[in-house]
Amino acid sequence: MTTVPPSDRDGPTGLDAHLVVTRAAFHLDITLTAAPGEVVALLGPNGAGKTTALRALAGLTPLTAGRLQLDGEQLDGTPPESRPVGVVFQDYLLFPHLTALDNVAFGPRCQGATKAESRAVAAGWLDRMGLTAHAGAKPRRLSGGQAQRVALARALATRPRLLLLDEPLAALDARTRLDVRSQLRRHLADFEAVAVLVTHDPLDAMVLADRLIVIEHGRIVQQGTPADIARHPRTDYIAHLVGLNLYRGRAEGHTVKLETGPAITVTEELTGEAFVAFPPSAVTLFRDRPTGVSARNLWRCEVAGLETHGDRIRADLTGELSLAADLTTVGAAELDLRPGGTVWATVKATQTHAYPA
């Protein structure tokens, strides 16, 4: 990797890209912008186009059309090795025959620094990552978390203006992932250029990113802050990602008549197309139709499936309204829940959230 010579611009302007990639059975068409110091996460189901977008930014997949500008420099057609871009791949791709120190020094060496200069830069980055004691170790002697930090140090040692992270925590076990996620958040907070993270893990995205961009079928379907995405999902995929039941219908006052299904009573007063969302924990289940219950949202449902969800049991329900409900193990036992069984589900209007579609 070599650094693109700076232009006469006043200062870094960040990323401005329109990525269009057409293949036989897939078409990606998204616009990405990000300011220096901003961390953007690309989320989406498998096959949505996340990795294709990342490879296009890195120059590993050519654009069919569109543009790619970084700090005012046009990068369309620029070879990958000539872009001011650092990449941390999912499996890290460390050179197995080189030590951690020489892995990190590889980038500065390719940029023209002497061996001594490159190693000095690498030693500094390993120290920042807390890996000085492992500088002489080869990748096979490193733990997953240590290898991830070496890969990050190698990417940052070239002083990139764009840092790309492809599922950087996917290869780690749950305990290591927790520690490394915290460390990665700290390093990204100190990164002064643009960082783009691809992940399928909503927690990684929520913790690490300033802004989320959700891609489905090669298109952006929603973007915003983690808090906004979590509170206002606009597709079933996003609702599932953030753990909400989501419906779309037409609102008139405090009632939203679903496109397919019953009406839901809400506290917000709306008119026109609207979404309604509520968490599975807001659903109360009864074996028999309840009497003396004030909830206006009451539906007869059938248990389609049951699964453990953290320390709760999640029931997948169909019938008058398809929804997910969370309850305790004791609650599930008392209701004698089983696939095919009938239950009544209620949700208080105060526990729903309605917003314009």
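Trainee: Does Arg181 count as buried or exposed, and at what relative accessibility?

Mentor: Please bear in mind that this is a predicted model. Buried means under 20% relative accessible area. Arg181 has 7% relative accessibility, so Arg181 counts as buried.

Trainee: With which residue does the side chain of Arg181 meet in a salt bridge?

Mentor: Side chains of opposite charge can pair when their charged atoms come close. Here the partner of Arg181 is Asp204, at 2.8 Å from N to O. Arg181 lies in helix 5 and Asp204 in helix 6, so the pair ties together parts that are 23 residues apart in sequence. Asp204 is buried as well, its relative accessible area being 3%.

Trainee: Which arginine forms a salt bridge with Asp204 at 2.6 Å between the closest N and O atoms?

Mentor: That residue is Arg177. Arg177 counts as buried, at 12% relative accessibility. A network of salt bridges links Arg177, Arg181, Asp201 and Asp204.

Trainee: How many salt bridges does a search of the whole structure find?

Mentor: The search finds 13. One of them joins the side chains of Glu38 and Arg211, at 2.8 Å from N to O. Glu38 sits in the loop between strand 2 (26-34) and strand 3 (39-43), whereas Arg211 is in strand 9 (residues 211-216), 173 residues apart. Glu38 is buried at 17% relative accessibility, and Arg211 is buried with a relative accessible area of 15%.

Definitions and conventions: Residues are numbered from 1 along each chain as its sequence is written. This is a predicted model: local features need pLDDT of at least 70, side-chain atom pairs count only at pLDDT 80 or more; totals for chains, interfaces and linings use all residues. Side-chain values use heavy atoms; hydrogens and water are left out. A salt bridge is a side-chain nitrogen of Lys or Arg within 4 Å of a carboxyl oxygen of Asp or Glu. Helices (H or I, at least four residues) and strands (E, at least two) are DSSP runs, numbered from the N terminus. Buried means under 20% relative accessible area, exposed over 50%, partly exposed in between (1.4 Å probe, protein chains only).
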